[in-house]
Every structure is written in C-alpha cells, then in structure tokens.
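Below is a short note on charged side-chain pairs and aromatic rings. The points are numbered so that each can be checked against the coordinates.

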Amino acid sequence: MEKITEYTQSPQTKPPRKKMMPKKRKDLIFVWSMLSLFIVYWIVFFLYVNIDSIFLAFQDLHGTWTFDNISNAFRDLGSGDSEFRIAIKNTMIYFLKDVVMIPLQLFIAYFLHKKIVGTKFFRIMFYLPSLISSVVMVTVYSTMIAPYGPIGQMIEQIFGSCPQFLADSRYATWAIVFYTVWIGWGGNMLLFGGSLARIPTEIFEAAKLDGVGPFRELFELIFPLMWPTLSTVLVLNLTGLFNAGGPILLFDSSQLNVGIQTLNYWMFVKVWKFGASAYNEVAAIGLVLTLIGAPIIMFIRWLIDRTPKVEY
C-alpha cells in the first residue's frame, strides 16, 4: 500500500535525463566543428555577398536609397549600349552551345559504354583536355590558330591568308566557342557514363534478345532510365542562362576586345575600369537578370518534374 501511494503521489515527475556518453559528445563536437567551417564560408561568401549586392542595387554612390539603378537596368536590357548588346548575344551563344552539347555528350557516352572499337583511345582523347590546366590549353590553342601556328599555316595555304582569330571581333567569339567545345566533353560525359554503368545489364540483354537495335535502345530504354541524371544536367545548365561563357580573361588579358564579352565578363570589365562607382549599376543588373531567370528556371524545373521517373 505504501508503494502504491508513493508512486501515485508524483505522477508528473520526469524520468532522469540520460547522460550523454563521452564518445557521442566527442563525435558531435567533431561534426559541428567540421560543419562550422562550411557554415561560416556560406555566410561570408554567399549570404553576406548576395544580401549586400541587393542593398547596393537600391542605393546610389552616396548610399541614398533609390530605384534609379533598377529602372536603368531595365532600360539597358531594352535598349542598352553596343557593349551590352554584344554581351547578351555572346552569352546566349555560349548557353545554346551548352544545351546542344548535352545530347551529343550523351550519344558519345552511350557508344563508349557499348565498348566500340577504340573505346579506351576515345575516352582518353575526350577527357584529356579537362585534366590539363586551362592556362596551358589556352596557350596551346592560341598558338595553334595563330597565323604562324600549324592550323593558321594550313588555312593560309588553302585560302591565301589567315586572319587573327582572337584579335578580330568577327571571329574571336566563335574561336573561343570552338575552344569550349573542344575541352567541354569531359564533365557531363563522366556523369552520363556513371549513370549508364548503374543500369542493370539484364535490361540490355533482354533488349538484345527482343531484337532491339542501338538507336531504339537509346531512345526507348536509355533516355527514360537516365532521365534523373539528364534532367539534373538540364537544370544545372539552365541556372547558367546568364552566366554562360568561357575562359575569356585568359584569351583577352588586356580587356581590349569588346567583341568577345559576355555578361559576366562585361560586369567584370566595368568594375575593373570604374571600381566602386560601378558596384551599384552592376548589382542592379545582376538583380534584374535574377528576377528574369528565376521564373524561367522554376517553370522548366516544374515541367521536368512532371515527367514520370523510372526506378530500377
């Protein structure tokens, strides 16, 4: 009776709190100490920078709040000076190039996966430019297409003269685009190759027994099975809608050739020339481009998510 009374008198007493084991405490300290580095990095170099750029977009040089920068940014998008038009046009060229390369990279990854003759050789040739330093590759490429280089000499022998591809605004952008195509096969092909390697071999064997050809296999089997990877690559490319470009600074270290500018490079040159006085204008243009690009990306992402996914 005493035990029942004693137990019922304190029904709301909390059970004793378990003490954290020393090893678990050490594990938590280690995990949070590692995470703190990335959290601090994200706060300083992403969150603070982006919030500060938004504030700069609504301020003038003296720190007074104004909407003039935003209205000027929309005006530049509507009309803009010649440099701004060139930057937008070149950015769209690079972006469309990246989109066109995705199916080509998928085709090549598929045929390399099928172990065609010379697979190892082609794999090395496609991946090698991605492994070498950009400075080295730009130097080699610039020398090759120069009038005194091997490609320049061949063009001169065929057509009688070879233009300065990187110095002439008529050819400079396309010369750099060709360079980005040359060295741009490795990244997405690596992703596509890994996605292909995950597909069970029994699917290919069953398709072969049913008489499925390579192109039918590619479009009716591979595409649906690889759609999660393919859709991720598409979304990542869309996020670079206004950021597409190439190593332009390596090709034009003097910032003199206006014809090769992209939006990123145009903003960089503007800040490099005018310093802090260009911060507000550049921040406003970046904010406006974000407001334009974000709905487009979200809409495409919504369309991609509506596509049925195949699990295996």
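**Salt bridges and ring pairs**

1. Asp 98 and Lys 97 are joined through their side chains by a salt bridge, with N and O 2.7 Å apart. This is a predicted model, and the remarks below should be read as such. The two partners fall into separate accessibility classes: Asp 98 is partly exposed at 22% relative accessibility, whereas Lys 97 is buried at 12%.

2. Lys 97 lies in helix α4, which covers residues 82-113. Apart from neighbours within four places in sequence, Lys 97 has contacts with Val 177, Thr 180 and Val 181.

3. How many salt bridges does the structure hold? The count is 6, and the Asp 98 pair with Lys 97 is one of them. Another is formed by Asp 168 and Arg 170, where the closest N and O atoms are 2.8 Å apart. Arg 170 is exposed, with 59% relative accessibility.

4. Lys 270 and Glu 281 also form a salt bridge between their side chains, at 3.9 Å from N to O. The N to O distance of 3.9 Å qualifies because the limit for a salt bridge is within 4 Å.

5. Glu 281 is partly exposed, at 31%.

6. Turning to the aromatic residues, the whole structure contains 19 aromatic pairs. One of these is Phe 121 with Phe 122: the ring centres are 5.6 Å apart and the planes stand at 70 degrees, so the arrangement is edge-to-face. The angle decides the class because planes over 60 degrees apart count as edge-to-face.

7. Phe 121 is exposed, with a relative accessible area of 52%. Phe 122 is partly exposed, at 35%.

8. Which residues do ring pairs link into a cluster? They are Tyr 141, Tyr 179, Trp 182 and Phe 251.

Terms used. Residues are numbered from 1 along each chain as its sequence is written. This is a predicted model: local features need pLDDT of at least 70, side-chain atom pairs count only at pLDDT 80 or more; totals for chains, interfaces and linings use all residues. Side-chain values use heavy atoms; hydrogens and water are left out. Buried means under 20% relative accessible area, exposed over 50%, partly exposed in between (1.4 Å probe, protein chains only). Helices (H or I, at least four residues) and strands (E, at least two) are DSSP runs, numbered from the N terminus. Contact means heavy atoms within 4.5 Å. Rings of Phe, Tyr and Trp (its six-membered ring) pair if their centres lie within 6.5 Å; planes under 30 degrees apart count as stacked, over 60 as edge-to-face and the rest as tilted.
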